[in-house]
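Please read it alongside the structure shown here.

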Amino acid sequence: MPPSIGPRRLPLERYVEGVLGGDRVVLARAITVVESQLPSDGELATRLLDALLPHTGRSLRVGITGVPGVGKSTFIDALGMHLIRDRGENVAVLSVDPSSPFSGGSILGDKTRMERLAVEERALIRPSPSQGHLGGVARRTRETILLCEAAGYRNILVETVGVGQSETAVRSMTDFFLLLMLAGAGDELQGIKRGIIEMLDGMAINKADGDNGPKAERASIEYASALHLFPASADGWTPRVLTCSSIGGDGIAEVWRMVLAHRELLEENGCLAQLRNRQALQWLDDLTMLGLEELFHRNRAVSGRLPLLREEVRRGRVTPFAASRELLALFHRQPAGD
Ligand SMILES: Nc1nc2c(ncn2[C@@H]2O[C@H](COP(=O)(O)OP(=O)(O)OP(=O)(O)O)[C@@H](O)[C@H]2O)c(=O)[nH]1
Ligand SMILES: [Mg+2]
């Protein structure tokens, strides 16, 4: 095995020791390795994850979604402070934001919305990897979850900023999926994709403060009855609807109690182990597909031909079917042709 490659990389053992010892600086550097798109970091990242894997899986992983402005960042700040101050625990906050074109992703700007958490010793806030498409971003978030777990973070909150596919990705790597909603914004459940409703374990109507309080209560009753129209999930859990105020702090502890109740149920009925198995299998599939995709795009023959073929398809001279067959044939002839 060659020693670690590239500038400013530590030897593998230093990362492993540092992460397991909860060293935040080393953890941050380890995350950078895992997020790196440099081929030379790939092997180091794999060995690091292999070494740390036995120390993962013990945290509570919660996915949090909701439309822009619903208060996700403010909610995470309040929940994080509850975990730290009231429960004496620690928390890592990650995000999946494949759409963000800005380096650092949106959570960086969000730190202003997580002002209390941002200065907490026991909180780690990590922005979304800013490059790449959803598959790559999701892969790196999943691996960052594992690094945080190995570093001793007991609670991992993953904010999804995108709407649509990124929810599915986050669902596949978390244990509890929470949707934040507003009372009276949009026409109740109709505005939300049915797919998202089917994925969630809980809903919290945020901004239940001031004049909005009674409206939020009414909305929670409506949402709860609407949720009952969906088939019960196989793990025996019935999604609950609560109200909260991320600014005032009311209801935040109750939301967390719901997450804990869900965890307890899944531990008792054995579904947690199944869930973790499903997550591992999903991870395997994602990694494999991603690896194939990378190989494909790195392939010289493919990348040389692709722009021309795209143009031909655009002009209607070649069918997409024929073009894709040609590309796959090129790839098939020499899969490692880079
Ligand atoms: N009254 C009230 N305002 C809130 C509450 N939670 C958040 N807000 C306000 O709502 C606005 C949006 O909050 P954010 O936390 O940035 O929302 P977000 O969902 O993270 O938004 P994006 O990151 O853009 O998707 C801010 O002005 C917050 O101060 C709440 O519980 N009550
Ligand atoms: Mg936000």
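**Threonine 56 and the aromatic pairs**

Threonine 56 sits in the loop that runs between α3 (39-52) and β1 (60-65). The model is predicted. Searching the whole structure gives two aromatic pairs.

Threonine 56

- The relative accessibility of threonine 56 is 15%, so this residue counts as buried, the cut-off being under 20%.
- Its side chain reaches the backbone oxygen of leucine 53 at 2.7 Å.
- Leaving aside residues up to four places away in sequence, threonine 56 touches Leu146, Glu149 and Ala150.

Aromatic pairs: phenylalanine 176 and tryptophan 237

- Of the two aromatic pairs found, one is formed by phenylalanine 176 and tryptophan 237, edge-to-face, with 6.4 Å centre to centre and 70° between the planes.
- Phenylalanine 176 belongs to strand β5 (residues 176-181) and tryptophan 237 to the loop between α10 (212-227) and β7 (240-243), so the pair ties together parts 61 residues apart in sequence.
- Phenylalanine 176 counts as buried because its relative accessibility is 0%.
- Tryptophan 237 also counts as buried, at 5% relative accessibility.

Aromatic pairs: phenylalanine 296 and phenylalanine 331

- The ring centres of phenylalanine 296 and phenylalanine 331 are 5.4 Å apart and the planes are at 70°, so this pair is edge-to-face; the angle cut-off for that class is over 60 degrees.
- Phenylalanine 296 lies in helix α12 (residues 271-298) and phenylalanine 331 in helix α14 (residues 320-333), so the pair ties together parts that are 35 residues apart in sequence.
- Both phenylalanine 296 and phenylalanine 331 are buried.

Technical notes: Residues numbered from 1 in each chain as written. Chains lettered and ligands numbered in written order. Predicted model: local features only at pLDDT ≥ 70, side-chain atom pairs only at ≥ 80, totals over all residues. Heavy atoms only, no water. Helix = DSSP H or I, 4+ residues; strand = E, 2+ residues; numbered from the N terminus. Buried < 20%, exposed > 50% of the residue type's maximum accessible area, 1.4 Å probe, protein only. Polar contact = N/O pair within 3.5 Å; in protein donor to acceptor, adjacent residues only side chain to side chain. Contact = heavy atoms within 4.5 Å. Phe/Tyr/Trp six-rings, centres within 6.5 Å; stacked < 30°, edge-to-face > 60°.
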